[in-house]
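My entries are kept in the order in which I worked.

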Amino acid sequence: MPSKRTRRASPGLIGLSAGERLKRTKLTGNADYSSWGWVGTEVTDASAITQEHRLATCGFSKNTSYPLCRNKHVEKSKTPPSGKAEIVGPSESLEAADDVIVISDDEGPPCSSKACKHNPYCLNYLGQEKWDDPDRAYDAYIKAHELGENPNLHSRGSLTPIGLKVRVLRMVTLTAASLPFERQVWFQDLLFRKGVYRCQPSQDSEHAFEDSPIFQLQVTFAAMQCSTLNVFNPVKLVESLKLRATEQQDAQEFSKLFMAHLDTEFKKQQDAELQSLIANQFEGKLVYNTVCQKCLRRSERDSDFLEIEVNLANNATLEERLTVLLEPELLTGDNQYLCQQCNSLQDAKRYTELRQLPPVLHFSLLRFVYDLTTMERKKSKQSILFPISIDMDRFLGPAEVRKQHKKRSPTASKNLYELRGVLLHKGPSAYHGHYEAQVFDVQNQSWYQFNDEEVTKIESLVPKSDAAKKAGKGGKDAKKKNGNGPPKARPPKKRRRIDDSDSEIEIVETSSQSQKDERSDDPDYISSKDAYMLIYARVGERSPPIPGTTKGEPPARYVIPPPKALEVVEAMNAAHEKACEEYAQRERDAKARFEQVRRTVMDIYRTWNLSSRDESSVVASRQSLEAWIARHLTKPKSSKRSPEPLHAKMEPLDEHIISSAEGLPTASVSLTISEVVCSHGKLNPDKAGDMKIIRAVAHDRIANEDGCLLTPKLTPADVCPECVERLFREKLYQTEHPRLVTRFDDVAGVDHEENGYYISKAWLKDWRLAKPKMHVEGKPDPPPDAEDYLRDVVCEHGGLATNIAARRTISAEAYSLLHDIFPDWKPPSTTAEPCPVCEAVLHISREDKREYRKQAEEEKVQFCAPMHPRKSHHTNVYLKARLKHMHDNALNGNTALLEDVPCAIIPSQFVRSWRQWVMRPNELARPEAVDNSQFICEHGLLAFDPNESGDMDSSMTIVKRSDWDALEQLYSAGPLIAIENSEGKYTHELGICADCRLKRRTSFDMTEITIRILRPNDPIPTAQTYSEEPLQPTKPLQTTLLTYSKRHNEGHRKSKRIRQVKEYGKRRKITITKAMSVKDLKVMLNDELGIPVISQRLFYRGQELDDSSATMISLGVLSNDTLDLKEENEDINLLSDTGVEIDGSNASTKKRVEGQAFGGTLLGGGSSFGQSSAPPPSSSPPAMIPVACPASSA
């Protein structure tokens, strides 16, 4: 079968495109008037360059290929009547009759930004479109002239909640950021709002009424209710609480403390209903029970709560976490309970019961966890699923009652709660982030997203499609009773992002029938990784009637702010209305100025195109024209000012703008065209692509009518002759050099019997490139015998170099070709002999290498033989092996073989350098001397103590005295530091300088220290008992037990244990820096030894290092020093609810230093307002005790 014939390639397009004109300058050999097409053809010498050639370099020649493009921004005229001849454009009428060969009557090639990028006659695509749309141009004009912020943007819409601005307050704190959520939720509680309005703040002569937190809260609520603005800044409320904006505190703790403060203020009121407002609305009751498993003794402790704290587990529902919270905990083994009736440790069961729930229920999600490794808080990214409504009867009362409630229908529940608010923490860590909230507005019956001052309406937390689907299944679901409990596993879900929200909240639609309640409106679950706090309100709660209202009247109508708070809000509303009126007047004035400027600018750029190449014109840069067009629409970088009249002086826009020109009063601003101007003040042909030609009339109008001067003023005839000549020489070189290289390559070869000439390989390789690297613009190429290449061929003595690899041979004809270019070049011929001097030096160099190796062998024999007595005729291999033995013992600190032997100290660096030299004498330099001056202080004494392990560091090596004597013969050695190890102690002739020794050990940037791990039964080091001697080993304990609890005053506590088996009594070397802190050191020890940071106790010379921020240099830690590490044992008394210690010991565990938290603020009790300095009544809930966040002191 014959092979398949390959398809021929399609021929390329030949000829002109449709509508393109064939010009004579496009024909072969007629490209004379392209930019540089005349170089090397018409002109080969700079003296032959004419003015026409200079114009061609910038595209200004009459025969240039650049067309006069039509102005696309001219208003379109009406179509001429049919039958009349078509009007010929200017570019068509100006073509010479004998220059165009018409092959089509169609219009020429279209104008585009790409095709006309370098066309100086195309004045389109310079930003004129910014003015075409009047609305967009006006918006840009207003932004550039800074009318100020439009107050109308802050006007409140009808029935829309307002936002609370906290960005200016937050700084690095998250406490103030939670204000909007709590204020928004509390504001929706009409009874609570009414109580705040009726509360009378405490005051005295030293504190103004307006400075009280209660009054500022009244103002905040009044603004949220009556303000005409959509944003309110509660900065005075934060200041009244004396919060520190530069410190981060826990938002949940702040919420509880602020409610406690409000409770204190309410209890001072005369009205009994106000006195119990906080307790009636937000306070619940729970009981902590502990039952001894032996005697069944029950220990109960009642407690009030304002919120229920819930631990997180990934993808768990809120009901599941509540179930876990109420599950009993067995205290067994090492966690036994101290029963007072049995008077001993017994197994026990501990659990929590919810006894009473408030109308408004807060769930605090423990989103921030404490990392025992780094001693810092971290944000948990675990998702939690929480319902729209929750039946709390299933979690109320004892376990038996809860089981009965689970069998009942939720419709019969007396404690059915609906979701009213969600607080979200958006951020990667517990120390940085941003709060957002989603709150249900009771007046509008709608959900809103609160992101600081931004308030967005959410149609529904549950999408409408889900609601319709559930309505269709209502009858069917009502007939099935497959259980009322929460889902036992993560339910199948269909996720939908909530509209108008960027939070990480997802709607989860339950689809399993076993997870449905009997109610047809079974709640959906919402999944979130950022939910921080949830607020539910009891359904059908019958709150006490608001004082001042009658039965059946809408309570919201009678929730009226107090007069003083209302005055503040009305003053803000009046100021806002005045600002709106002033802005409207400024806007009207700016509109008039804009219309005038737009007409002027558009009229200029619509008429600035040339109609003929012979018309009077001015050259400008593309950048200057773009800057002029955008001048009124771009905000100046260097000024911030209000809008000025059109004739007023304007500030410079950017780097194109220079100072005003003198003598031209009509021009207030100058735009330089320096982008196209050369150093001679003329047009630079190398920047022809940025040149644009405009009519001289348009140039004058820009200066006279718009007050802007384009400087300097240059015409097309001002092309720089010097720059044209410089570029001509360079382009001529680029044309002729490749031809010259081709000629050289054709004749460069040399026959075997033919004589030639030597040339540098490096020079020839570079010169043969199309663009040689050696070539410098405006300068001739360096000759082959230039300084950089001469030594490749000729030696320093003027003879032929001995290195034959750096040169090559060329023929006589090739030499003649290069000699014409470089007449002073005289290379040696191939018949020349190498330089005899260089050959002699090369021979001597080889002899010297043999001498150096012989000297190294002799030193090895002389230096090694005295240290290790052997016969000198041993082989070189044996000597190297013995040298390695010496190296290993000397540099590694093994001095066991040097006891009762006279020794000396030498620098370790000398031993290393000497060893490398004797192994490679031809490559490395021989050490010069043995210098011990670094170990001797300026007083002539030792700067170290040989008997201190920390002083004998790696910078010094101990050798035998006989080795020192041999070194003195071969090198310049000294001074001698003689020591001798006698009975485990070094004796030395020189004394020790204590001051210089301390200075030497503290002068380090990085050093090694020894960590000594203490055993559990070792005593705590003190200044009296401290010793650097190693501890005697004893049998280590198998387990170290530590127990951590979240908070001592909480009844529900989960014990966590860390058991580690350690090799106590061991030493560990670690590297530290002097700037390392104690905390950084503990984190490093946690990685190295596996001991948690919180369990470490570090001691330095008997003093405990309890300041985590202290650095090594501030503590006085020396180079090669020793620190003691002790792992803390568990305090078993934490497992008892009594104050009796099990072992009877009165020793108390050292309490860790906590942060300042809310100390010093009005919430922390450090300061007070008015008469509130008295401590709160004993009936205040114990949860209000301020507890510092552990992370705040880390």
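Below are my notes, entry by entry.

**Ground rules**

I am working on a predicted model, so I note the limits: local features need pLDDT of at least 70, side-chain atom pairs count only at pLDDT 80 or more, and totals for chains, interfaces and linings use all residues. Residues are numbered from 1 along each chain as its sequence is written, and side-chain values use heavy atoms, with hydrogens and water left out.

**Cysteines**

I began with disulfides, taken as a pair of cysteine sulfur atoms within 2.5 Å. How many disulfides does the structure hold? I found zero. Cys116 is in no disulfide, and its nearest cysteine sulfur, that of Cys69, lies 3.5 Å away. I also looked up the cover on Cys116. It is buried, at 9% relative accessibility. My cut-offs here are under 20% relative accessible area for buried, over 50% for exposed, and partly exposed in between (1.4 Å probe, protein chains only).

Next I went to Cys723. I place Cys723 in helix α20, residues 721–747. Helices here are DSSP runs of H or I with at least four residues, strands are runs of E with at least two, and both are numbered from the N terminus. I also noted Asp686, which is 37 residues from Cys723 along the chain; their C-alpha atoms are separated by 8.0 Å.

**Helix α18**

I checked how covered α18 is. The helix spans residues 622–629, and six of its eight residues are buried. I listed the buried ones: Gln623, Ser624, Leu625, Ala627, Trp628 and Ile629.

**A negative patch**

I then turned to surface charge. Glu129, Asp132, Asp133, Asp135 and Asp139 gather in a negative patch. Helices α3 (129–132) and α4 (134–145) each give two or more residues to this patch. Glu129 sits in α3 and is partly exposed, at 47% relative accessible area. For patches I took residues with over 30% relative accessible area and no salt bridge, joining like charges within 9 Å and nonpolar side chains (Val, Leu, Ile, Met, Phe, Trp, Tyr) within 5 Å.

**Salt bridges**

I counted a salt bridge where a side-chain nitrogen of Lys or Arg is within 4 Å of a carboxyl oxygen of Asp or Glu. The structure holds 26 salt bridges.

- Lys268 pairs with Glu265, with the closest N and O atoms 3.7 Å apart. Lys268 is partly exposed at 32%, whereas Glu265 is buried at 3%.
- Arg1015 pairs with Asp1018, with the closest N and O atoms 3.4 Å apart. Arg1015 is buried at 4%, and Asp1018 is buried at 12%.
- Asp1121 pairs with Arg1101, with the closest N and O atoms 3.3 Å apart. This pair links distant parts of the chain, 20 residues apart. Asp1121 is in the loop between α29 (1112–1115) and β44 (1122–1127). Arg1101 is in the loop between β42 (1096–1100) and β43 (1103–1104). Is Asp1121 buried or exposed? Asp1121 is buried, at 0% relative accessibility. Arg1101 is partly exposed, at 31%.

My last entry is a network. Lys379, Lys381 and Asp530 are joined by salt bridges that share partners.

Terms used. Areas by Shrake-Rupley, 256 points an atom, 1.4 Å probe, with all protein chains shown as cover. Lys, Arg positive; Asp, Glu negative; His and termini not counted. Charge placed at Lys NZ, Arg CZ, Asp CG, Glu CD.
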